[in-house]
Amino acid sequence: MATLNVLILVCLAYVVLLFGVAFAADRMAAAGRGRWLRSPRIYTLSLSIYCTAWTFYGAVGNAARSGLEFVTIYLGPTLVMISWWWGLRKLVRVGRSQRVTSIADLISSRYGKSNTLAICVTILAVLGGTPYIALQLQSITLSFSIFAEADPSGLYREGASVFWVAAGLAMFAILFGTRNLDANERHHGVVTAIALESVVKLFALLAVGIFVVWGVAGGVTPMMDRIDASAIGRWDVDTGRWITITFLSAAAFVCLPRMFQVMVVENDDEAHLRTAAWAFPLYLLLMSLFVVPIAVVGLDLLPAGSNPDLFVLTVPLSQGNDWLAMLSFIGGFSSATSMVIVTAMALSTMVSNHLVMPIWLNTRERRSSISGDVRGVVLMARRVSIAAIMALGFFYYRLSGGGAALASIGLVAFAGISQILPALVGGLFWRGATRTGALVGLSVGFSLWVYTLLLPGMGGGVMSASVIENGPFGLGWLRPQALFGLEGLDPMTHTVLWSLSLNALAFCAASLLSFPSPLERLQGAQFVNVFDHSVAPGGWTGSVAQSEDLMIMTQRILGAGPAQDFFQAEADRQGVRGRLPEPTPGFLERLERELSGSVGAATAHAMIGQIVGGSSVSVEDLLAVADESAQLLEYSSRLEAKSAELSRTARKLREANEKLTQISKQKDAFLGQVSHELRTPMTSIRAFSEIMRDTDGLSADETRRYATIIHDEALRLTRLLDDLLDLSVLENGQVNLNMGDATLRAVLDRAVATALAGVERPLRVRRSLPSERIALHTDLDRLGQVFINLISNAQKYCDAADPMLTISAYDVGGQVVIDFVDNGSGVPADAQSMVFEKFARVGFDKAGGAGLGLAICREIMQRLGGEISYLPGQGGAAFRVSLPLAHRQAAQ
Amino acid sequence: MSRKVLLIEDEPNITEAIRFLLTREGWNVETHAEGGNAVEAILAARPDLVILDVMLPGKSGMDVLRELREHEEMQALPVLMLTARGQSRDREMAEKAGVSRFMTKPFSNTEVLTAVRDLHAQASRT
Amino acid sequence: MSQPGPDEPPLAAPRPSVFLERQSYRRRRLADAARILPFLGAALIAIPLLWPRADTDEGGVSLSSAILYIFICWAALIGVSFLFGLAARRMSSSDEPRAEGERWRP
């Protein structure tokens, strides 16, 4: 007899093995190795969490009581699997394309991302799931107690063992089930561990079966005889239950949160379904192959009254085959643990995404919701949820006392969770299904389930016997187990019939009567026609959204690395380099889908909505499309915008036209000026040359005089052309500055010498040489040109009796200032603003150029980075030249 | 009979050339180099013919002509206008102001002489 | 992400043609068969309900025969499903782009 200690040791060793496998698988997946982790075999095996301890032990018990009825539990899923082509494939495709995190998320997403629906489904799932977890704990405890009875030490304490089992499972689920948030990142560790457990439980059951058939009964034929000879040897099943349970198990197979988790959420590749379609039914067939033989042998060998639910353990034990019993125990243990772990994971995702997160988001102010570490909050919520769900299961087990009441809870849970079916199937195949329909259907089904099955099943404490007998307030047609007078049915059949049919009826009726929101219609189209187009639900306009805010929020949810990768990829897609992508509608949709993989569709929608400013334009846009008046409004506002734009453009054109006209006028004036300046000397030249040609008898004196005039006027023309050319070069900026270094004094020396060379009566120039010791780095020739011009002007225009020019230089904070002041009468006040204009001439002196000199000076000083200005109030004409000394340091 | 022409022109070289030409034709040439008081100069000189430059310091030739024509006794006075700007708009303006003949610089000497003769002949006939 | 994003234009949907290529035709009939399979399975599973019950005169069908019937039907369904999976795989690998939906080409 194996002692309890050995059993516990084996148990612990097995758990350590599971931890090891999960850990190794996670590491391999993270390292990018282990393609087999994503193989269809692993997927198929992970589906077998459908077979819980309840089926592992309970199937034999069921067979011992009701014959072949137990196969219905397996036939339902078989039918679902072989219809994968039009059923599961669509579910998986939708789940993956919408990045759905749970069954509640799927329903919520389909019906316009309604969180109300998600909450309903979550509550339903928790209500159905908690007793189910308790059932698993019970099966582990029961199997422990079998060994404990045989153990002389009597150390076994039931309560403590259940507690530790629950705690250990919670820890496993937390460790491996909440590593990452993103639904599209698989929990390879958990999935691989439960795949291993599937192999173990199948192996254990087959081993016991083979032992029973060949070891105890002595072959197939004797076994068959023994079956026919047994108490259950005749085909005798309840027709209603046969159909009901087949249907129910098929429905539950799709709707159970844990099944949805492994089938849709953890699905890596749609093509895996192709393999699972035959491999999973095969697994189920093998699981049920030896159920009847074990039951029959158990009934034969064991004393009457022994619990048939534990035949899988007690038959090998009674034959003294302790190790087989141990294996069988491990099989049952596997079934229970894998189911509990995945259920806890699935339920915690739902609870955190649909209950905790919306509440958490609501407690925050708008905008500031992204200030916290959302990722941390979500993960913590998920961990706490797992612990809470396990605790609920534990307390449910303790409170219910672990009696026979628990044994029936499996099917009760099936019936409860199946209430989702109409909304699910309707959502996938019928575009007309609405949120209202789903809510009404779920509510009707849920209340009928509670009223007709859950409450009566919980015993007298909750619903009194008189109510069950006579109905509430004596209303016979409201008797929970004979609703509307439908008597004589098995309670399970009765409930399923009423709840699911009325659920579906209410769902359809309310869907037909209600009008879906635009988002719902869009999502509906996406779900129903998922194979035709994979256009995302959508429609954010990001005009008001801040990419930066989105980035911050995404980092908080996905983590910094993935968020940056995602934004980088998006930026590449948009072709922007080195900055955040524009919040285009397409980008926001992809982001929402990415986020919904972590926090669920409704929450992701709400979070993006907060940043984008709550204006889910999908709704607005669709309303605009759906509602004609809105469409007209939009059209007219667009027209308004257009006409505003037109008048803006017109104004701009007018302005441009005015400018052009002005420029044209300036050009005309300039051309007129140039023409005048050219034609005037030309006139003299022509007139005198004709005089000299046509006039006979000109004196030599006259001839010389006229030739001199012609020569002077030709020179004047040349100067004018030079100046014009110079100005044109300077104005077009084509001038190349020839930078050089010299002191100001040297430049002035040269300028004074040049300007006054050959002048008959040069004016006096007064300078202060010490202050001119300033080093310059500039175009020295150009600067000299400016100085020469100023000195020549003074020479030409200074009307004082004793003309004198004072040149003074200062170094004023980084720039050199040179003033040229003469002692003449200066420029009249009204002409001062004009002196730098082209062809502006001061006075009517004909001595010099065409009036371009100062204009050229101004252009030169601009090119040199300085300026030239007229200094009023200095007595005579006063010009100030200033030049920055920015290059002084470099020049030294 | 002494024919008197008043030449209002600010370019001394051009003034000299025209004075040379018209003196040889037998004209008594008086000159004025400024626009500001040109009208007064004409009224004072009572010439048989006026040669008027457009671009004058002080007042433009156009304004001088316009003011001149406001005086009743000056409406028939032949005025030959010279311009160096050579834009057609100037010609229109001058015609509106009541010019007798409009010439663009640079001109040929014969042109000027012909114009002066014609204008004088017309004036004498009436 | 493997799905095309929302702002990429959808694949140009070819105009449906009345006549399908032989292979497309085969695939569509295969899909029909896949749809029928679960109903066939349901019918097979429901047949035992017509059998005489244990409390009738004949004493009903023996449990061993019932087991044989159920498990043979079950195995047959699995076998057909397996063959269908093989066929679907061959179809999808022979023309990948069309294997996804039931999109057809002229």
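Among contacts in chain B between residues at least 6 apart in sequence, what percentage join residues at least 24 apart? The figure is 59%. Keep in mind as you go that this is a predicted model.

**Stop 1: chain B as a whole.** Select chain B and colour by secondary structure. Chain B has 126 residues, 44% of which count as buried.

**Stop 2: the sheet.** Now show just the strands of chain B. They make an open sheet of five strands in the order 2-1-3-4-5, paired in parallel. At the edges sit strand 2 (27–32) and strand 5 (101–104) of chain B, each pairing on one side only. From one strand to the next, the twist averages 20°. As background, strands of a sheet pair through backbone hydrogen bonds, either parallel or antiparallel.

Zoom in on strand 3 (residues 49–53) of chain B, which is joined to strand 4 of chain B by four bridges, the two running parallel. Pick B:Val50 and look across: B:Val79 in strand 4 of chain B stands opposite.

**Stop 3: helix 1 of chain B.** Bring helix 1 of chain B back. Helix 1 lies across strand 1 (3–8), strand 2 and strand 3 of chain B, and runs at about 165° to strand 2 of chain B.

Next select B:Arg85, in the loop between strand 4 (79–83) and helix 4 (88–97) of chain B. Is B:Arg85 buried or exposed? B:Arg85 counts as buried, because 20 C-beta neighbours lie inside 10 Å. Leaving aside neighbours within four places in sequence, the contacts of B:Arg85 are A:Gly672, A:Ser675, A:His676, B:Val54 and B:Asp90. Try the distance tool on B:Val54: its C-alpha lies 8.6 Å from that of B:Arg85, though the two are 31 residues apart along the chain.

Stop 4: Most residues other than glycine have a negative phi, and most peptide bonds are trans. Now select B:Arg46, which is not a glycine but has a positive phi of about 45°. B:Arg46 is in the loop between helix 2 (38–45) and strand 3 of chain B, and is exposed, with 11 other C-beta atoms within 10 Å. Then go to B:Lys105 and B:Pro106, joined by a cis peptide bond with omega about -5°. B:Pro106 is in the loop between strand 5 and helix 5 (109–125) of chain B.

**Stop 5: helix 32 of chain A.** Finally, select residues 744–756 of chain A. Helix 32 has 13 residues and spans 18 Å from its first C-alpha to its last, close to the 18 Å expected at 1.5 Å a residue. After helix 32 of chain A comes A:Gly758, with a positive phi near 75°.

Definitions and conventions
Residues are numbered from 1 along each chain as its sequence is written. Chains are lettered from A and ligands numbered from 1 in the order in which they are written. This is a predicted model: local features need pLDDT of at least 70, side-chain atom pairs count only at pLDDT 80 or more; totals for chains, interfaces and linings use all residues. A residue is buried if 20 or more other C-beta atoms lie within 10 Å of its own, exposed if 12 or fewer, and partly exposed in between; C-beta atoms are placed from the backbone. Two residues are in contact if their C-beta atoms, placed from the backbone, lie within 7 Å. The expected span of a helix is 1.5 Å times one less than its number of residues. Two strands pair if DSSP finds at least two bridges between them. Axes are lines fitted to C-alpha atoms, for helices over the stretch in contact, and angles run from 0 to 180 degrees between N-to-C directions.
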